[in-house]
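Subject: Handing over the structure

Dear colleague,

Please find the structure below, together with its sequence. I would be glad if you could look through it alongside the notes that come after it.

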Amino acid sequence: MTKNILLLDGHPAAESLSHALLQAYADGAGAAGHQMRTHRLSAMSFDADFGVSRFRDAKPLEPDLQAFWDDLLWADHLVIAHPLWWGGMPAKLKGLIDRSFLHGKAFRYDDGKLLPVALLKGRTSEVLLTSDTPKVFLHWIYGFGLKQQLKKQILNFVGLKLLRITEFSPVRNSTPQKRAKWLKRAEKQGRSV
């Protein structure tokens, strides 16, 4: 079945391994017949600071955020590629989420109910994560807090069911052969979505 896929290059720099992995994923998804739209965080212009204390006071979305939001509503599947920095996502990527996954759009609180209603249900997501941290440290020493945040407090919270986080690590000192294998893996994932 053909899907509408939104690709988000979540690296704040224009050229990165995250970008290359996302492009390989797109090549695979395109070969499988899926429709895609891409947003590159490095090219987006917006105030990353939510900047107010109440959802009802949220500032209007800048054109780049509105375009991302419109494409998210179009999409069946969201793919985010980004690096792991200080155990989390880059600040600008977190700002995109803070500013665009808003109450009344991505989720809603109903009176008398403890938990919010996810408004993006029926969609799926996945993350392509680059890191210098070896997997054993990320999972067993550090506890992989980003996975919990992405799954429970962001993506699943708004209805974008997280299917997988694929880790590409350690990037530091990785060989061209290793990176070529990672690119093939990302392309294969794009074909199989």
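Predicted model: local features only at pLDDT ≥ 70, side-chain atom pairs only at ≥ 80, totals over all residues.

Residues are numbered from 1 along each chain as its sequence is written, and side-chain values use heavy atoms, with hydrogens and water left out.

I begin with two helices. Helices (H or I, at least four residues) and strands (E, at least two) are DSSP runs, numbered from the N terminus. The axes of helix α2 (residues 63-74) and helix α3 (residues 91-100) come within 11 Å and cross at roughly 75 degrees, where an axis is a line fitted to C-alpha atoms, for helices over the stretch in contact, and angles run from 0 to 180 degrees between N-to-C directions. Helices α2 and α3 are therefore roughly perpendicular to each other, given that angles under 35 degrees count as roughly parallel, over 145 as roughly antiparallel, 65 to 115 as roughly perpendicular and the rest as oblique. In this contact (heavy atoms within 4.5 Å), Leu65, Phe68 and Trp69 of α2 meet Leu96, Arg99 and Ser100 of α3. Those residues divide into 4 nonpolar, 1 polar and 1 charged, with Ala, Val, Leu, Ile, Met, Phe, Trp, Tyr, Cys and Pro counted as nonpolar, Asp, Glu, Lys and Arg as charged, and the others, Gly among them, as polar.

Helix α3 has a set of buried residues, namely Leu93, Gly95, Leu96, Ile97, Arg99 and Ser100, where buried means under 20% relative accessible area, exposed over 50%, and partly exposed in between (1.4 Å probe, protein chains only). These buried residues pack against β1 (4-9), α2, β3 (77-83) and α5. Arginine 99, which has its place in α3, is buried with a relative accessible area of 1%. Not counting residues up to four places away in sequence, arginine 99 touches Asp47, Ala48, Asp49, Phe50, Lys59, Pro60, Leu61, Glu62 and Leu65.

Leucine 129 is placed in strand β6 (residues 123-130), and leucine 129 is also buried, with a relative accessible area of 1%. Its contacts, again leaving out residues up to four places away in sequence, include His82, Phe144 and Ile165. Leucine 129 and tryptophan 69 are 60 residues apart in sequence and 22 Å apart in space, C-alpha to C-alpha.

Finally, I turn to the loops. The peptide bond from serine 169 to proline 170 is cis, with omega near -15 degrees, and proline 170 lies in the loop between β7 (160-168) and α6 (176-192). Asparagine 173 is found in the loop between β7 and α6, is exposed with a relative accessible area of 67%, and has phi near 70 degrees, a positive value in a residue other than glycine. Tryptophan 86, in the loop between β3 and α3, has phi near 50 degrees, a positive value in a residue other than glycine, and counts as exposed at 91% relative accessibility.The largest pocket is lined by 13 residues, Asp98 and Phe157 among those nearest its centre; on a 1 Å grid over the protein atoms alone, a pocket is an open set of points where a 1.4 Å probe fits, with protein on both sides within 12 Å along at least five of seven lines, and lining residues have an atom within 4 Å of a point.

Best wishes
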